[in-house]
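Trainee: Could we take a close look at a single part of this assembly together? I would like to go through one interface with you.

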Protein chains: 4
Amino acid sequence: MRVIKEHTIKKLQQRGVFIEDMAPLVMQLQRPYIPGLTLQECLESILAVLNKRDFQHTILTGIAIDELAEKNLIEEPLLSVLKNDDGLYGVDEILALGAGTLYGTIGSTNFGFLDKTKPGIIGKLDTSHERINIFLDDLVCAIIAAAASRVAHKNQNLRSKIE
Amino acid sequence: MRVIKEHTIKKLQQRGVFIEDMAPLVMQLQRPYIPGLTLQECLESILAVLNKRDFQHTILTGIAIDELAEKNLIEEPLLSVLKNDDGLYGVDEILALGAGTLYGTIGSTNFGFLDKTKPGIIGKLDTSHERINIFLDDLVCAIIAAAASRVAHKNQNLRSKIE
Amino acid sequence: MRVIKEHTIKKLQQRGVFIEDMAPLVMQLQRPYIPGLTLQECLESILAVLNKRDFQHTILTGIAIDELAEKNLIEEPLLSVLKNDDGLYGVDEILALGAGTLYGTIGSTNFGFLDKTKPGIIGKLDTSHERINIFLDDLVCAIIAAAASRVAHKNQNLRSKIE
Amino acid sequence: MRVIKEHTIKKLQQRGVFIEDMAPLVMQLQRPYIPGLTLQECLESILAVLNKRDFQHTILTGIAIDELAEKNLIEEPLLSVLKNDDGLYGVDEILALGAGTLYGTIGSTNFGFLDKTKPGIIGKLDTSHERINIFLDDLVCAIIAAAASRVAHKNQNLRSKIE
Ligand SMILES: [Ca+2]
Ligand SMILES: [Ca+2]
Ligand SMILES: [Ca+2]
Ligand SMILES: [Ca+2]
């Protein structure tokens with residue numbers, strides 16, 4: 001499994017997504033609720049999310065479709081639907097949301113918010129003209145949303161123990 | 001079924017939610033993509049969503065819990081969790097998202113966006129001090145998100161027929 | 001959209017799945033609750049499900065992955081995960097369930113039941129040795145589950161009008 | 001949080017559901033894949049599931065609705081929908097599935113299978129005439145499905161380490 005995790009991180013990097021670009025967005029989502037939150041904790045939370053087999057499989061599958069579409073190896077009419085990023089193609093969201101809910105339900109709210117407002121690295125993926133990132137943008141939203149949920153749950157548990 | 005639909009609309013009104021307050025938010029979400037969209041179409045889309053049995057049941061169940069919590073008829077420790085609107089209580093989102101995805105996947109993105117940014121009527125529900133609206137705010141997000149998805153799908157179908 | 005619908009039906013046939021093989025399973029699920037149900041209604045319900053854009057996109061995407069894996073066009077290590085039909089690869093289920101819930105929640109129960117008991121055409125797909133049907137079996141479960149839900153909802157509406 | 005966990009287990013017992021009755025069903029689902037699986041591991045897996053906050057909240061909320069319906073404290077027309085266990089009321093499944101998917105996607109297949117075949121304790125809940133168990137039966141399916149998924153994931157991880 002460690003092999004697949006490392007491969008997942010490598011594929012994300014090949015597609016222009018670095019953990020260092022995702023961590024600030026986790027921070028931005030959770031800082032208002034957890035004042036002392038550090039960037040290091042956000043980085044660790046992303047790594048913990050990428051440790052989940054379901055996430056690894058989902059990310060590798062989504063990126064595979066993006067890359068195969070780029071190489072025109074997907075049959076028509078699906079290829080055109082993907083290449084035109086048809087606003088009503090929702091398979092990318094289904095896939096990403098399915099993985100994103102693994103850390104509980106706050107995940108889905110943050111996922112929707114990121115997907116709509118497209119801050120930082122997410123916006124860059126969306127407007128990339130050389131590449132097809134149909135699935136990748138939603139996958140990155142899901143990783144960040146899940147990492148944010150994990151930070152929230154962990155922090156609440158800590159507080160419960162202190163009180 | 002018509003009886004339950006009318007009752008659902010009446011309960012929403014009793015809790016301060018009018019279709020006229022939701023329609024502008026559907027408009028706001030879809031206007032950028034559908035220039036000629038009218039408020040009347042948004043109103044009709046909300047009514048079509050409220051015609052779905054799953055939505056009626058979900059809305060009535062969610063509002064029932066809110067009202068029973070208000071009357072202290074829910075047992076402890078759940079009552080305190082609900083009354084303090086514990087940020088990690090996610091049952092309201094699960095319920096609302098379950099219904100909200102009935103019009104396809106764009107629903108979940110808009111749901112998350114509305115739930116996070118809380119525009120218009122949604123924000124008012126969230127800050128209401130006299131009432132417990134644990135479920136209601138998410139239900140309203142779901143109705144609006146589903147109505148927006150319906151408008152998007154319908155419009156795309158129309159365009160496909162014209163082209 | 002009609003073009004995509006016809007293409008979806010053609011792709012299903014190329015992969016060995018005919019509407020005539022799915023209709024009896026819809027019948028089997030709903031007959032206990034709707035005594036007068038005909039095979040014709042089950043066929044029509046499947047066609048109505050295949051009319052949904054989300055279903056068309058999901059089916060075409062899932063079959064594309066199956067075919068690309070068959071042709072060894074998916075990169076390692078994902079290819080091996082797919083070829084070994086790793087019991088913990090769950091992306092096929094996420095995708096199929098996402099589409100399958102479009103006709104309401106009864107869909108997910110029937111989906112799980114079909115996926116586990118594998119009656120008729122579903123069992124044949126699962127044991128096919130020449131072909132890779134990672135996604136296809138779950139897609140067929142989702143089509144049947146959604147068609148069954150549609151039959152149930154429609155019938156209940158009819159009864160409400162008569163009573 | 002430990003207080004809420006203990007209260008959740010107590011409420012389940014008050015409604016006739018004991019961990020000892022759920023463990024054999026986890027066993028039955030996973031034994032075919034994991035020959036050496038013990039009942040003790042199944043028990044521990046259920047306890048780990050009940051340790052999740054989302055599960056605790058979902059269980060307490062679902063049981064609260066069942067109990068309030070029993071005491072006629074839910075308003076009409078929802079009360080009649082609940083009391084007649086209307087086959088198209090799907091809120092119980094939405095709620096249970098939402099929690100049940102927390103251990104990944106195998107959860108939803110097992111959930112559907114249990115919900116349809118109703119083995120052991122699940123069947124007893126469904127035919128109980130003195131009590132209203134609209135939500136409880138689905139909650140128990142979700143607990144068992146999630147515990148089975150957890151056992152499967154854990155075992156696979158162990159094997160990966162050995163190989
Ligand atoms: Ca996308
Ligand atoms: Ca809420
Ligand atoms: Ca499969
Ligand atoms: Ca039930």
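Trainee: How many residue pairs are in polar contact across the interface of chain D and chain C?

Mentor: Happy to walk through it. This is a predicted model, where local features need pLDDT of at least 70, side-chain atom pairs count only at pLDDT 80 or more, and totals for chains, interfaces and linings use all residues. Residues are numbered from 1 along each chain as its sequence is written, chains are lettered from A in the order in which they are written, and side-chain values use heavy atoms, with hydrogens and water left out.

The rule finds six residue pairs in polar contact across the interface of chain D and chain C, both residues at pLDDT 80 or more. A polar contact here is a pair of N or O atoms within 3.5 Å; within protein, one must be able to donate a hydrogen and the other to accept it, and residues adjacent in sequence count only if both atoms are side-chain atoms. On the chain D side, α6 (91–100), α7 (106–117) and α9 (136–162) each supply at least two of the residues that touch chain C; helices are DSSP runs of H or I, at least four residues, numbered from the N terminus. The largest share, nine residues, comes from α7(D). By type, the chain D side that touches chain C has eight nonpolar, ten polar and four charged residues, with Gly counted as polar and Asp, Glu, Lys and Arg as charged.

As for contact (heavy atoms within 4.5 Å), 22 residues of chain D meet 22 residues of chain C.
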